[in-house]
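Hi,

Here is the structure I promised to pass on. Have a look at it first, and then read my notes below.

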Amino acid sequence: MKNSIKVITSLLLATGLFSCNDNEQKEGDRGALASNAAEKVYVAPGEHDEFYAFLSGGYSGNLTVYGLPSGRMFKEIAVFSQFPTSGYGYSEETKPMLNTSHGFIPWDDLHHPDISQTNGKLDGRWIFVNGNNTPRIAKIDLKTFETTEIIEVPNSAGNHSSSFVTENTEYVVAGTRFSVPIPQEDIAINEYKGKFKGTLSFISVDPEEGHMDIKFQLIMPGFDYDLSHPGRGKSHGWFFFTTYNTEEANTLLEVNASQNDKDFIAAVNWKKIEEYVNNGGGKIMPANYAHNMYDDKSHTATSTMKKEVLVVDPREVSEAVFFLPTPKSPHGVDVNPSGDYIIGNGKLSADLTVHSFDRMIDAIENKEYSGEAYGIPILNFEDILAGTVKQAGLGPLHTEFDDKGNAYTTFFISSELVKWNVETREVIDRQPNYYSVGHVMVPGGNSREPFGKYAIALNKITKDRYLPTGPELEHSAQLFDISGEKMELLLDFPTHGEPHYAAGIPAEILEENSQKIYKLAENENEYATLTNGDARVERNGNEVHVYMTTIRSHFTPDNIEGIKVGDKVYFHITNHEQDFDVPHGFAMIGANNAELLIMPGQTKTLVWEPKQVGVWPFYCTDFCSALHQEMQGYVRVSPKNSNIEVSWSLGED
Ligand code: K7E
Ligand code: CUA
């Protein structure tokens, strides 16, 4: 009801039927200045956007890249899902990226991108994302916008409170949403309470190459660990995780996990635990998880199964983990840029809880506990509270920050974005969202230095905002200008998959480092064909390896004979182009996978198992030149028992 009134009001405003005095509209007034809003989001042809925004793809498993303020989508980065557009997860070189302890998993549910930081500032080197379903953390290199590493997280399920980074990217964390038996075992589900555990994993990031490694896992009580954020500035060295279902219910959670008036934010002093494990603390536990790395020179991924993980019982490290009581089934936990405040967004609470880091430290020093849960001290709510934002809205989910001391909290149920002052906790402005907002993102909003010019609200429901497209609509984002006192809605744009969180960064930080080509001379792929003279076809039993090159506008070789039904044909294709923006594609009729899209200087491999006798064509899928349509070839497939020898033409006739 409330929503529909808002909708009607804003429609009236937008159409000018219900306007205050038009002539007196000022900048920052809502709705009526459509032309002014258009100007603010207009990026002229040939001009570049000011910010990159990386939106999680949710159940698409991938990450999408948008420009702000235009809302134009530039790219989808394949991460956890096979991606036919580029052949990611289809080519032999990239299949190992999707290997896990459960085998090849071509999909995941991606929620939270976070950009690497140095001294609390975005450095634009990498972006980390989480796979929620089959717990994984991936790293994308922002020079190439390619996924270059994926590490599976053992002893975890529903890897949701991930993947947030500390202020020097010392760690990227991962927390378990669904507690499980650790180690996994065959037990009755109603033995949940006490037997199921959650883990909080601290994955170290190598400062040079960014390689990930699980440094330690904290074995925690069997709650649901929902979200997390790092301390920064004065609270650097701490990490905060929300919990719900501290009741440890195992059925009908919507009722049974809402019994406690307060759940907890778990405060983890990771520096203390790091010191403990560096001094030999913790226990090595057998485990089985995949660590997949992509190499930019060989253009090939490898997957290694790791067999152990270091686990830490938080009770064995004195004063390292505490529970901060927080009403009421909190979802997001967010830390302001100075690191002074820890904000809990209790989904079932009308108020927002703001904890004080200083007060938390005082309470810890004075050992003022109100109890303990499984041996972990619980602090007094009143001791640590800085204050509350009263009646801010209904169903708070997430909070982001600007560079002027303000916070922006999303309210799912009342469907609005609320701006409030972090110090005074007074509400400054509220703007409706169309409809039902999840996360909000301010570029740099999870760092010491946010860029407080724009915020995007990532909305769950699209309904009437765009042309209908049948039962399924894409989700929707809304761009707000937050540079003034009041927020101003500038733009709606559709998003792909289900964006949860997003991360934004000034374009200038990334643009200059963007890689244009791969150097052919540095190609270390074991099947690379560096000169056309080396192009060839080799038979080895029923395996056939085709060493092929591409350059505008032909394949070498182009015609191949002597292939037989039952063969396994590997097309190893090296793109000899050394110009920016000239990939070639490769598609083979009847191949049980996707195409390849091969970047300049790269080698990629497609497998084809011909099942029918005949002469079968292949072609380039990317319109690469005026003679792109001529970029084609044939494979002659003979019966299984044929004795036709392998031969090929180099297209030099
Ligand atoms: Cu609130 Cu997965 Cu961060 Cu969705 S989560 S909105
Ligand atoms: Cu190469 Cu089209």
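Leaving aside its neighbours within four places in sequence, which residues is isoleucine 505 in contact with? Contact here means heavy atoms within 4.5 Å, and the partners are Phe51, Tyr52, Phe54, Ile115, Leu122, Gly124, Pro443 and Leu510.

Before the rest, some bookkeeping. This is a predicted model, where local features need pLDDT of at least 70 and side-chain atom pairs count only at pLDDT 80 or more, while totals for chains, interfaces and linings use all residues. Residues are numbered from 1 along each chain as its sequence is written, chains are lettered from A and ligands numbered from 1 in the order in which they are written, and side-chain values use heavy atoms, with hydrogens and water left out.

**Overall build**

The protein has eight helices and 45 strands; these are DSSP runs numbered from the N terminus, with helices being H or I of at least four residues and strands E of at least two. The C-alpha atoms fill a box of roughly 85 × 70 × 45 Å along the principal axes. For 653 residues, a compact globule would have a radius of gyration near 26 Å, and the 27 Å of this protein agrees with that. That radius is taken over C-alpha atoms, and the globule rule is 2.2 Å times the number of residues to the power 0.38. Of the 653 residues, 57% are buried, where buried means under 20% relative accessible area, exposed over 50%, and partly exposed in between (1.4 Å probe, protein chains only). Among contacts with a separation of 6 or more, 62% come from residues 24 or more positions apart.

**Cores**

A nonpolar core here is a set of buried Ala, Val, Leu, Ile, Met, Phe, Trp, Tyr and Cys residues joined through side-chain atoms within 4.5 Å. The largest one has 29 residues, and Phe202, Phe216 and Ile273 touch the most other members. Apart from it lies another core, of 28 residues, including Ala138, Ala301, Ala503 and Ile505.

Back to isoleucine 505, then: this residue sits in strand 34 (residues 502-506) and is buried, with a relative accessible area of 0%.

**The ligand**

What surrounds ligand 1? The shell consists of His111, His112, His160, Leu227, His331, His398, Gly438, His439, Lys460 and His500, taking residues with a heavy atom within 4 Å of the ligand. By class that makes one nonpolar, eight polar and one charged residues. The classes work like this: Ala, Val, Leu, Ile, Met, Phe, Trp, Tyr, Cys and Pro are nonpolar, Asp, Glu, Lys and Arg are charged, and the others, Gly among them, are polar.

**Salt bridges**

Searching the whole structure gives 26 salt bridges (a side-chain nitrogen of Lys or Arg within 4 Å of a carboxyl oxygen of Asp or Glu). Arginine 552 is worth a look in your viewer. Its side chain meets that of glutamate 577 at 2.7 Å, N to O. This pair links distant parts of the chain, 25 residues apart: glutamate 577 is in the loop between strand 39 (568-575) and strand 40 (584-588), and arginine 552 in the loop between strand 36 (543-551) and strand 37 (554-556). Glutamate 577 counts as buried at 2% relative accessibility, whereas arginine 552 is partly exposed at 36%. Aspartate 579 also forms a salt bridge with arginine 552, with the closest N and O atoms 3.0 Å apart. Elsewhere, Lys40, Asp481 and Glu488 are linked in a network of salt bridges.

Two cis peptide bonds to check:
- proline 327 to lysine 328, with omega near -10°; lysine 328 is in the loop between strand 19 (321-326) and strand 20 (330-335)
- tyrosine 434 to tyrosine 435, with omega near -10°; tyrosine 435 is in the loop between strand 29 (427-432) and strand 30 (437-441)

Serine 436, in the loop between strand 29 and strand 30, has a positive phi of about 55° although it is not a glycine. Serine 436 is buried, with a relative accessible area of 10%.

Cheers
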